[in-house]
Amino acid sequence: MTAPVRYLTGITTTGTPHLGNYVGAIRPTVQASRRPGTQNFYFLADYHALIKCDEPARIQRSTLEIAACWLAAGLDPEHVYFYRQSDIPEIPELTWLLTCVTGKGLLNRAHAYKAQVDKNNAAGVDPDSDVTAGLFMYPVLMAADIVMFNAHKVPVGRDQVQHLEMARDMASSFNHLYGEHFTLPEAQVDEAVATLPGLDGRKMSKSYDNVIALFGPREQMRRQIFSIVTDSRAPGEPKEVEGSALFQIYQAFADEGETQALRKAYAEGIAWSDAKQLLFERIDREIAPMRERYEALVGHPAELEKILKAGAGKARAIATPFMARLREAVGLRNLAAQPQSAGKARTRAALPSFKQYRESDGRHYFKLVDAAGALLLQSVGFASPQEAGRAVARLKQEGLAALGDSARRAEGVTEEQVGAALAQLAAG
């Protein structure tokens, strides 16, 4: 019998879910939880929330609301692993083990950290101003979330693909040193998942203050929908669906027939007020039954707490014995136990390695790391994975002579170190 494929998804608990969160994350993950042949892990990322929020009441309230949203949308805690991150003490412990095999150079390249450094440089202040160790270490905590449960697939947006590549690097480094313990996770980027525009036409986002609340009062949702920005075309004038935020939101909820009917109404000059009323009625038809369940859950937080504690118990049935195995692997052992041979692990750690990946800019890269995962070479961007692969092949076959402009040495790394690493690969 084929082993199930494990999927893992988390939501950071810093805000109240809006319609964009529902369409882009909550609805598709609930639907995915019902796929046969899968095991699904859903968690409330409250440790991650501490990185960007120092308001305890907000984190608590957000955790309550997001948990209620997932359950109201149909997530069945009996058939998935549904838990709060902070209820799994093995996760911060694993974060430390991964920290000890992760090169600082890897974390220096994380998008969020680099963005803050670039912002500080532009402002003429210290590059690390307002950079907490939590922000810097965010990719390690995310890696621990994933590899703790040996997830095979992690649904993410394209902006999170880098973090999955970093998680693979960390898991690979640990495996090299201590034996094969971690599955190397893969990012699953679903290009078909809708990104909703907000009230002003930009991407729906709390930071733009342009959201439609998911489970706000019915009349509040109606007011927000009627405030969607439209053009000045009068009733009777044909209207364009291209670029219409109102049409895009409707399309995310409607079936093909309903979508075509509204497209025809646009061409025939439907009044904006009538189009907004249609949108409100279509969304309300889907959301109203969930709103009742959501309000019941939010009104009874003890019930939610019970569900999350039960989910944590299920998750820890996997995490606790796995963490004991990892502690044994790294040498955190009973002193009376017979030491195990580390020969196999040393052999595994002997060689450097090339890693290929795709960045958010759409280009393909490779890097050369030593056995401990420290960066030696970083490539330029290539148009295709095949081009990057050919450059790697030349370096393996020809050594430093093939370097050219395809890659640059990491800071502090000498030409001799790179040459030695390539020679090791050629010999091994």
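User: Which residues line the second largest cavity?
Analyst: In this predicted model, the second largest cavity is lined by Gly-103, Gly-105, Leu-106, Arg-109, Asp-169, Ser-173, Lys-355, Lys-367, Val-369, Gly-373, Ala-374 and Leu-375.

User: Which elements supply at least two residues of that lining?
Analyst: Helix α8, together with α5 (104-108) and β7, each supply at least two residues of the lining of the second largest cavity.

User: And how does that lining split by class?
Analyst: The lining of the second largest cavity has 4 nonpolar, 4 polar and 4 charged residues, and the space inside comes to about 50 Å³.

User: OK, how much space lies in the largest cavity?
Analyst: The largest cavity holds about 80 Å³ of space, and the structure has 4 cavities of 30 Å³ or more.

User: What lines the largest one?
Analyst: Its lining consists of Leu-106, Arg-109, Gln-162, Glu-165, Met-166, Asp-169, Tyr-357, Glu-359 and Lys-367, which divide into 3 nonpolar, 1 polar and 5 charged residues. Helix α8 (residues 161-178) gives the largest share of that lining, with 4 residues.

User: Switching to strands: how do β6 and β7 run, parallel or antiparallel?
Analyst: Strand β6 (residues 353-358) and strand β7 (residues 364-369) run antiparallel and are joined by 6 bridges, and Phe-354 stands opposite Leu-368 in β7.

User: What about Gly-362 in that hairpin?
Analyst: The hairpin of β6 and β7 has 5 residues between the strands, and Gly-362 takes a positive phi near 85° there.

Technical notes: Residues numbered from 1 in each chain as written. Predicted model: local features only at pLDDT ≥ 70, side-chain atom pairs only at ≥ 80, totals over all residues. Heavy atoms only, no water. Pairing = 2+ DSSP bridges. 1 Å grid on protein atoms, 1.4 Å probe; cavity = no way out; pocket = protein on both sides within 12 Å on 5 of 7 lines; lining within 4 Å. Points joined across faces, edges and corners; volume = space filled by probe spheres on them. Nonpolar A, V, L, I, M, F, W, Y, C, P; charged D, E, K, R; others polar.
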